[in-house]
Amino acid sequence: MAYRLRALFSNSKRHSQRLLSSLFHPFPTRSFSSSHFQSVGFIGLGNMGSRMANNLLKAGYNLTVHDVNCDVMKMYSDKGVSTKQTPFEVGEASEVVITMLPSASHVLDVYNGPNGLLHEGSLLTPRLLIDSSTIDPQTSRKLSVSISNCTLKDKKDDWKSPVMLDAPVSGGVVAAEAGSLTFMVGGSEDAYVAAKSLLLSMGKNTIFCGGPGNGSVAKICNNLAMAISMLGVSEALTLGQSLGLTASTLTQIFNSSSARCWSSDSYNPVPGVMPGVPSSRNYTGGFASKLMAKDLNLASASAEEVGLKSPLTFLAKNIFAEICKNGHENEDFSCVFRHYYSGKDEEN
């Protein structure tokens, strides 16, 4: 009797789990093969994209690239990499296309523009499209719907239609160069599994975030928290300096107590405290303040859309807008320590 009850309970539990899965999984489950991903297109060869593309080359992928910068295109052509004049031509030569672009308008132009990936309407050559740009979740979701309504020119394995993943990254230029990025991925979980080995050629972590647009949600939330923590650390370090405590001593205290965070122990904003970070090279390289300002605008707009109280988002957005207005838009975002709080360099 006890055995029959346990079996009944187990079957009922499995049924409930299947029901919940069907309710919350946005797409029917499919198994995709990743064994034939050899030809990869890459569009957007800026500070991040060029380093990601270089790691794909190191991993042995057959790469085709496009960028609006002719000098960058020549550099890749000189290395023997296939270059194309339009995004559409990249798509025609690739099984997978990765985009890494500055804003949603650039992404939409690459997809929907006159020579975009969707130039021929609903017929597509690439099976998988991965956008690693930091854009708003709504744009990611609209593009995902557009791609899911397309048809593959050449159906292979289990891929009956093209699939899109939004897969923004964290780690910055240093991690892009080292191949240690973290990918936050939204879309079909099966497509994520198929793309994982490709993503790990450019990074060390991949995290599945759920349905379409959720990778973009994760990215703007991550950068929001990063901006606020940098402001908090900069403000506290400046206060410490003003009250007679060195930034090195206060950083040591932060990093061995409850104030420890990435902005203090890995990306310290005070020149002279930590080697190898943007503050140690006059805030050059790293993550530009104008990009942080853009991401905070995305976070602010998203918070407003869902009616969320977000006073820190609003304040951070205004601070970085002021930094950019005062001519520091190309400096790393940690420059708020110097240009907003008037913090001092550490004397060695």
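Visitor: What covers the buried residues of helix 10?

Guide: In this predicted model, the cover over the buried residues of helix 10 includes helix 9 (214-242) and helix 11. The residues in question, within helix 10 (residues 247-255), are A247, L250, T251 and F254.

Visitor: Why is the pair of W262 and Y267 called stacked?

Guide: A pair of aromatic rings is described by the distance of the centres and the angle of the planes. For W262 and Y267 the centres are 4.5 Å apart, which is set against a limit of 6.5 Å for pairing, and the planes stand at 15 degrees, where stacking requires an angle under 30 degrees; the pair is therefore stacked.

Visitor: Why is the pair of F287 and F333 called edge-to-face?

Guide: The angle between the planes of F287 and F333 is 80 degrees, and planes over 60 degrees apart count as edge-to-face, while the distance of 6.1 Å centre to centre is within the 6.5 Å needed for a pair.

Visitor: What makes this a link between distant parts of the chain?

Guide: F287 and F333 are 46 residues apart: F287 lies in the loop between helix 11 (262-265) and helix 12 (289-305), whereas F333 lies in the loop between helix 13 (311-328) and helix 14 (336-339). F287 is buried at 18% relative accessible area, and F333 counts as buried at 0%. Both belong to one aromatic cluster, together with W262, Y267 and F320.

Visitor: How do you know that the charged end of K79 sits over the ring of Y76?

Guide: The charged end of K79 is 4.4 Å from the centre of the Y76 ring, and the distance criterion is within 6 Å; the direction must also lie within 35 degrees of the ring normal, and K79 is assigned as sitting over the ring.

How values were computed. Residues numbered from 1 in each chain as written. Predicted model: local features only at pLDDT ≥ 70, side-chain atom pairs only at ≥ 80, totals over all residues. Heavy atoms only, no water. Phe/Tyr/Trp six-rings, centres within 6.5 Å; stacked < 30°, edge-to-face > 60°. Helix = DSSP H or I, 4+ residues; strand = E, 2+ residues; numbered from the N terminus. Buried < 20%, exposed > 50% of the residue type's maximum accessible area, 1.4 Å probe, protein only. Contact = heavy atoms within 4.5 Å.
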